[in-house]
Each structure stands twice: as structure tokens, then as C-alpha cells.
Amino acid sequence: MGEAEKHPQKAIPAAVQTMIVDTLGGRIQVSWDQESAATPMGQMVFFAAYLETTGLFDTWVEESPLHYTSPNAPQKRDVLGTLFLSILAGHRRYAHVTALRSDGVSPNILGMGKIVSEDALRRALGKIPEAEGTEWMRKHLFKSVVTACQTPWVLDIDTTVKPLFGRQEGAEVGCNPHKPGRPSHAYHAYWMGNLRLLLDVEVTAGNTTASNHAQPGLNRVLDALCAEQRPYPVRGDCGFGNDAVIREMESRQQPYLFKLRQSPRVKRLLQRVFTRRDWIDAGQGWEGREDTIQLAGWAQSRRVVILRRLLKENLIATQEQRGQLAFAFVDRRQTKVYEYAVLVTDLSEGVLSVAQLYRDRADAENGFDELKNQWGWGGYTTRDLARCRLSARAVGLIYNWWSWYTRLAFPEMRKEAITSRPLLLSAIGRSTKHAGQTHLYLIPMHAAQKKIERGIENICNGLKTIQQTAERLLGANPWDLLVSYIVAQITQKPWVPPGAFPALVGP
């Protein structure tokens with residue numbers, strides 16, 4: 001598609017070079033500017049400064065297992081930079097890369113020579129050996145979150161489904177609630193709760209959504225963490241509340257919190273505690289109490305927290321009588337209808353704390369929704385499974401980088417990409433060069449300009465602090481310093497750089 005050499009642009013015909021156009025707002029003179037370079041992502045310059053200070057992008061490119069032998073092949077910085085820009089822009093298909101080729105500013109900001117074509121990008125990812133590419137991406141995903149593991153955190157595990165519409169490797173029919181019968185891939189993801197950061201993701205065939213397919217990846221994540229970095233606890237839904245997963249956590253002395261399916265023995269437990277009066281407040285309209293249970297196949301009994309909540313909606317009861325459905329409203333003054341949840345855990349906290357800890361798990365679903373609908377987890381599909389796995393981890397890595405960046409700008413709250421991209425990325429940027437210097441003129445297009453200016457000010461102050469601190473602390477990793485700085489801003493605590501004495505901390 002012409003990426004091998006730059007062809008000269010054709011001259012603009014005289015009839016359209018300079019025009020006078022009558023519009024609803026009056027007569028306007030229109031002319032074409034072929035000298036200036038422009039970009040719709042003008043604020044990329046601040047994100048590039050963030051990447052340059054931390055060294056994230058350069059290290060990711062340098063350690064890439066992508067190698068070419070042909071002298072006519074593109075540079076791997078151009079290839080990976082194109083993938084980076086496509087993911088950051090919110091693309092979902094390789095074909096969307098074509099929209100970047102008119103951007104004359106962003107490639108220069110990242111030190112790239114050009115934007116490669118979609119075909120060149122797709123072929124390049126196919127040249128990366130799967131084993132080496134997996135280790136490369138896992139290393140950088142782990143690097144992007146490991147510093148934050150020094151503070152207490154929760155590891156969420158869950159599985160989401162990506163429907164497929166072609167002939168892809170691993171496209172199997174499995175559990176697909178939204179499109180039953182449609183082949184899919186299963187994404188087993190391992191999250192850092194609350195911060196909504198991705199530790200790793202495994203892409204498997206669509207008929208492998210069960211927890212036994214997610215457990216090897218969970219074990220691998222836990223093995224990569226030292227004792228001080230382990231989560232408290234590991235949290236999952238009823239798909240992970242089985243004996244195999246629980247025994248694995250107990251053998252590792254890893255605290256856990258899972259939901260149990262309502263099996264016959266669980267239902268008998270609910271029946272036994274139904275008439276009890278010692279229910280206590282579990283928050284947000286729930287009541288709870290403790291008990292123990294030993295299910296079939298379990299070698300021992302385990303602690304469970306039983307939660308119930310009175311349904312508030314209008315209920316309708318139906319019953320078939322002689323082939324005819326009977327219809328009746330439930331009188332809430334005479335009938336109480338509860339919904340139940342049973343949690344199995346080895347935590348020592350009380351009922352209220354355990355109930356709230358599990359309710360917080362709902363935030364992990366928001367991360368799935370963001371990655372699938374606002375990032376590229378719903379796309380970048382190829383026929384082979386290896387490139388699908390590589391692109392899924394690449395999306396997760398850049399998502400982590402951007403998540404830290406937005407928290408640096410706005411530490412008081414987390415913003416999803418649908419909000420943060422217009423705030424911190426979108427702006428018309430026009431680049432000019434004169435006397436060996438490059439000037440970038442930004443034209444804001446967002447109404448919340450004051451908020452943008454405050455976010456950029458926080459970013460610049462944070463990067464300046466990290467640069468000054470890294471100069472005083474020889475051997476300090478700027479990325480570790482920045483993550484600890486952002487965590488301190490989020491928790492509103494004084495920042496002390498890792499391994500530094502308080503007296504050495506600058507302003």
C-alpha cells in the first residue's frame with residue numbers, strides 16, 4: 001500500500017486550490033495547506049512525555065522478538081508504534097489502521113518514521129514466535145502493575161466471551177449468553193481489583209470457559225508474585241467456587257472469596273437457616289449470617305457467609321392449571337420473597353466486611369465492558385489463535401499504561417476511555433518547523449477546557465517530580481517511582497519513593 005517509499009503528492013488542480021464558497025454563514029475563502037502536518041490526537045505529546053520519562057515504550061519495542069532479514073522490511077518501531085497508535089485510538093480492526101496514515105504528527109512524536117499499512121502490521125505480528133511473544137507481553141504486563149502490588153489489593157478472576165464471525169482457529173460453540181450458538185473465543189482475565197488493571201489474559205477456544213481452563217493462568221500469576229506482593233484475597237464468582245480451585249488456594253495459603261452455586265446441599269443449608277432469627281445487617285439492604293458446609297467431594301467443611309435480600313420489585317406469580325396459566329400479583333404485605341447468595345471464604349473478617357468485599361467485585365465487570373467496547377478486545381481478529389492472543393495482551397498493556405496516565409491526571413477518580421480520550425488525547429494539533437525547531441499548536445475541541453488544563457498540569461508536575469527524584473536516587477527505576485507516586489496521590493498519603501530516606505524526597 002505504498003509504505004515502502006514515499007510518493008510525491010499530486011498537485012491540487014487550480015480549480016480547487018483556492019475557492020470562494022457561499023455558505024449559510026456567508027462567503028468563505030477556502031484554500032488547501034499541504035505544508036503543515038496535523039493530527040486529531042494533539043495531546044499525544046503529553047502522553048509521549050509520560051512514555052519517555054518512564055521508558056515504557058522504548059523498552060517494549062527494544063525487547064520485542066520481532067526480527068526482519070530483508071533490507072526492505074519496515075522498522076519494528078514503526079510496526080509496533082502503528083499497533084500502539086491504533087489501539088490507543090480505540091480501533092477494533094486492522095483495517096482501521098488506514099485512518100492513521102494521514103496523521104503527520106503522532107508518528108514523529110513517538111520517534112517513528114511512518115505508519116505502516118494494515119497488511120504489513122498483520123504480517124509482522126505473524127512473524128513473532130508465539131512462545132517468545134507470550135513471554136515478552138507477560139513480562140511487560142507484569143511490569144506495568146507489580147509496583148502497585150506492594151499495597152493491599154484484590155485479585156479478580158473472570159471469563160468473558162468474544163463472538164466470532166469467520167473461520168478462526170479456536171472458534172468453537174460454547175457458553176455464549178448474548179449470541180447462543182455463535183462460535184467464540186474465551187478470554188480468561190486476571191485483574192487487580194479497584195484499580196482495574198490487567199495482570200494477564202489467556203485466550204482459548206470458545207468451549208473452554210470453565211474454571212479449570214482459567215486455573216493454570218491464575219497459578220502462573222500467583223507464582224510470579226513474592227509473598228509481600230500476594231493479593232488479599234483472590235475473588236471470583238460461582239464458576240470458581242469449586243473444590244479444585246479452593247484446594248489450590250488453600251495449598252498456597254492464599255486467602256480466597258468465591259460464590260457457591262446453589263447445589264442441592266447449598267439449598268438444604270438455606271432451608272435450615274431460613275427460620276433463624278440471628279441475621280445481622282450486611283449493608284445495602286442485605287442480611288447475613290455465618291455457617292459451615294461440606295459439599296459432596298469436599299474433604300473438609302468450610303466457612304460460608306449466607307446473604308439474603310428482600311426483593312422490592314412487583315412480583316407476578318403464575319401456575320399452570322389444566323393447561324391454562326393462572327396469573328396473580330404477589331401481595332407484598334403478606335408474602336416476603338428473598339434472594340440468596342452463599343459465599344465460601346477463609347477470611348476472618350465479619351459478615352459485613354465479607355459481603356461488601358464481594359459486592360466490590362462488580363467493578364471488575366466494568367473493566368470487561370471497557371476493554372471489549374471501548375478498546376480492542378472485541379476485534380483484532382485473525383485466523384490463527386497466536387495473533388489473537390498477542391493482540392489481546394497488547395490491548396491490555398496499553399490499557400494499563402493509559403489507566404495509570406489518567407490517574408496521574410485525575411487521581412481522585414477513575415475515568416473510562418470514553419471519557420478520558422476526549423479529555424486527554426483529542427485536540428487538533430498543527431505542527432510547523434522553523435530554524436530546526438518543531439512547534440505544535442493545539443486547538444482544543446472539548447467544552448471542559450479548565451478540567452483538561454488541570455489534568456495536564458497534574459501530569460507535568462508529576463513527571464517533573466519523578467525526573468528530579470530519579471536524579472537524586474541513583475539506580476532508581478522511573479516507572480516504579482511514578483507508580484508509587486500515583487498510588488500516593490490516589491490514597492492521599494505523603495509520597496516516599498521506594499528505597500529512599502524521607503530527607504531525600506524533593507518537593
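What percentage of the 507 residues of the protein chain count as buried? The figure is 47%, where buried means under 20% relative accessible area with a 1.4 Å probe, protein chains only. Before you click around, know that this is a predicted model: local features need pLDDT of at least 70, side-chain atom pairs count only at pLDDT 80 or more, and totals for chains, interfaces and linings use all residues. Residues are numbered from 1 along each chain as its sequence is written, and side-chain values use heavy atoms, with hydrogens and water left out.

**Stop 1: the whole chain**

Show everything as a cartoon. You have 16 helices and 16 strands to look at; helices (H or I, at least four residues) and strands (E, at least two) are DSSP runs, numbered from the N terminus. Along the principal axes, the C-alpha atoms fill a box of roughly 85 × 70 × 50 Å.

**Stop 2: helix H2 and helix H13**

Now select residues 44-54, which is helix H2, and 385-409, which is helix H13. These two pack at an angle of about 105 degrees, with their axes 11 Å apart; the axes are lines fitted to C-alpha atoms over the stretch in contact, and angles run from 0 to 180 degrees between N-to-C directions. That makes H2 roughly perpendicular to H13, a label for angles of 65 to 115 degrees.

Which classes turn up here: nonpolar, polar or charged? The contact has 9 nonpolar residues, no polar and no charged. (Ala, Val, Leu, Ile, Met, Phe, Trp, Tyr, Cys and Pro count as nonpolar, Asp, Glu, Lys and Arg as charged, and the others, Gly among them, as polar.)

Stay on H2 a moment. Its buried residues include Met44, Phe47 and Tyr50, and the buried residues of H2 pack against several helices, among them H13, helix H15 (449-472) and helix H16 (478-491). Just after H2, glycine 55 takes a positive phi of about 75 degrees.

**Stop 3: glutamate 370**

Jump to glutamate 370 in helix H12. At 1% relative accessibility, glutamate 370 counts as buried. Leaving aside neighbours within four places in sequence, its contacts are Arg196, Trp375, Tyr399, Arg414, Glu416 and Ala417.

**Stop 4: the cavities**

How many cavities of 30 Å³ or more does the structure hold? There are 2. On a 1 Å grid over the protein atoms alone, a cavity is a set of points where a 1.4 Å probe fits but cannot get out, and lining residues have an atom within 4 Å of a point. Grid points are joined across faces, edges and corners, and a volume is the space filled by probe spheres set on the points.

The largest cavity has about 50 Å³. Select some of its lining, including Asp156, Trp191, Arg196 and Asp363; the lining has 3 nonpolar, 2 polar and 5 charged residues.

The second largest cavity holds about 40 Å³. Leu195, Trp404 and Arg414 are among its lining residues, and H13 gives the largest share, 4 residues.

**Stop 5: a pocket**

Finish at the second largest pocket, with about 900 Å³ of space. A pocket is an open set with protein on both sides within 12 Å along at least five of seven lines. Of its 33 lining residues, Thr160, Val161, Lys162, Pro163 and Lys372 lie nearest the centre. Strand S4 (155-163) and H12 each supply at least two lining residues, and S4 gives the largest share, 6 residues.

Terms used:
Angles under 35 degrees count as roughly parallel, over 145 as roughly antiparallel, 65 to 115 as roughly perpendicular and the rest as oblique. Buried means under 20% relative accessible area, exposed over 50%, partly exposed in between (1.4 Å probe, protein chains only). Contact means heavy atoms within 4.5 Å.
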